[in-house]
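User: Hey, can you walk me through this one? I'd like the overall picture and then a few residues.
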Amino acid sequence: MINFFYELNPLIQTILASSITFFATSMGAFIVYLLKFNSKRLTNILLGIGAGIMLAAAFFSLLIPAIEQAKL
């Protein structure tokens, strides 16, 4: 399956990967719109989890490689 993806044209790879990401994000947002959270505490917990994940992603995938590259 992975070899099939690598053998595709780079433009097709980009479109396919972007489409998968788009649909996954859309499904997550669709679920949030379907569920109405009446609990302020649950909303705050979910927002905190989302913020923590975004901070971790920014740190581990952006800042650490930038710091390592700056040391060169």
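Predicted model: local features only at pLDDT ≥ 70, side-chain atom pairs only at ≥ 80, totals over all residues.

User: OK, how many helices and strands does the protein have?
Analyst: There are 3 helices and 0 strands. Read from the N terminus, the order is α-α-α. The radius of gyration is 18 Å, well over the 11 Å that the globule rule gives for 72 residues, so the protein is more spread out than a compact globule. That radius is taken over C-alpha atoms, and the globule rule is 2.2 Å times the number of residues to the power 0.38.

User: What box do the C-alpha atoms fill?
Analyst: Roughly 50 × 35 × 20 Å, taken along the principal axes.

User: And what share of the residues is buried?
Analyst: Buried residues make up 1% of the 72. Buried means under 20% relative accessible area, exposed over 50%, and partly exposed in between (1.4 Å probe, protein chains only). The accessible surface of the protein comes to about 6700 Å², and 74% of that belongs to carbon and sulfur atoms. Those areas come from the Shrake-Rupley method with a 1.4 Å probe; for residues, only the protein chains shown count as cover.

User: Let's look at Gln13. Where is it found?
Analyst: Gln13 is in helix H2, which covers residues 10-34.

User: Why does Gln13 count as buried?
Analyst: Because its relative accessibility is 18%, and the cut-off for buried is under 20%.

User: What is Gln13 in contact with, leaving aside neighbours within four places in sequence?
Analyst: Phe5, Tyr6, Glu7 and Leu8. Contact here means heavy atoms within 4.5 Å.

User: Switching topic: how many aromatic pairs does the structure hold?
Analyst: It holds 2. Phe22 and Phe23 form an edge-to-face pair, 5.3 Å centre to centre with 65 degrees between the planes. Phe59 and Phe60 also form an edge-to-face pair, at 5.2 Å and 80 degrees. For the cut-offs, rings of Phe, Tyr and Trp (its six-membered ring) pair if their centres lie within 6.5 Å; planes under 30 degrees apart count as stacked, over 60 as edge-to-face and the rest as tilted.

User: Are Phe59 and Phe60 exposed or partly exposed?
Analyst: Phe59 is partly exposed at 39% relative accessibility, whereas Phe60 is exposed at 57%. As for the other pair, Phe22 is exposed at 52% and Phe23 is exposed at 51%.

User: Which residues form the nonpolar patch on the surface?
Analyst: Leu42, Ile45, Leu46, Ile49 and Ile53, with about 430 Å² of accessible area together. Patches are made of residues with over 30% relative accessible area and no salt bridge; like charges are joined within 9 Å, and nonpolar side chains (Val, Leu, Ile, Met, Phe, Trp, Tyr) within 5 Å. A salt bridge is a side-chain nitrogen of Lys or Arg within 4 Å of a carboxyl oxygen of Asp or Glu.

User: Where is Ile53 found?
Analyst: In helix H3, residues 40-70. Ile53 is exposed, with a relative accessible area of 54%.

User: What else is in helix H3?
Analyst: Among others, Leu55 and Ala56. Leu55 is exposed at 62%, and Ala56 is partly exposed at 29%.

User: How far apart in space are Leu55 and Phe5?
Analyst: They are 30 Å apart, C-alpha to C-alpha, and 50 residues apart in sequence.

Methods:
Residues numbered from 1 in each chain as written. Heavy atoms only, no water. Helix = DSSP H or I, 4+ residues; strand = E, 2+ residues; numbered from the N terminus.
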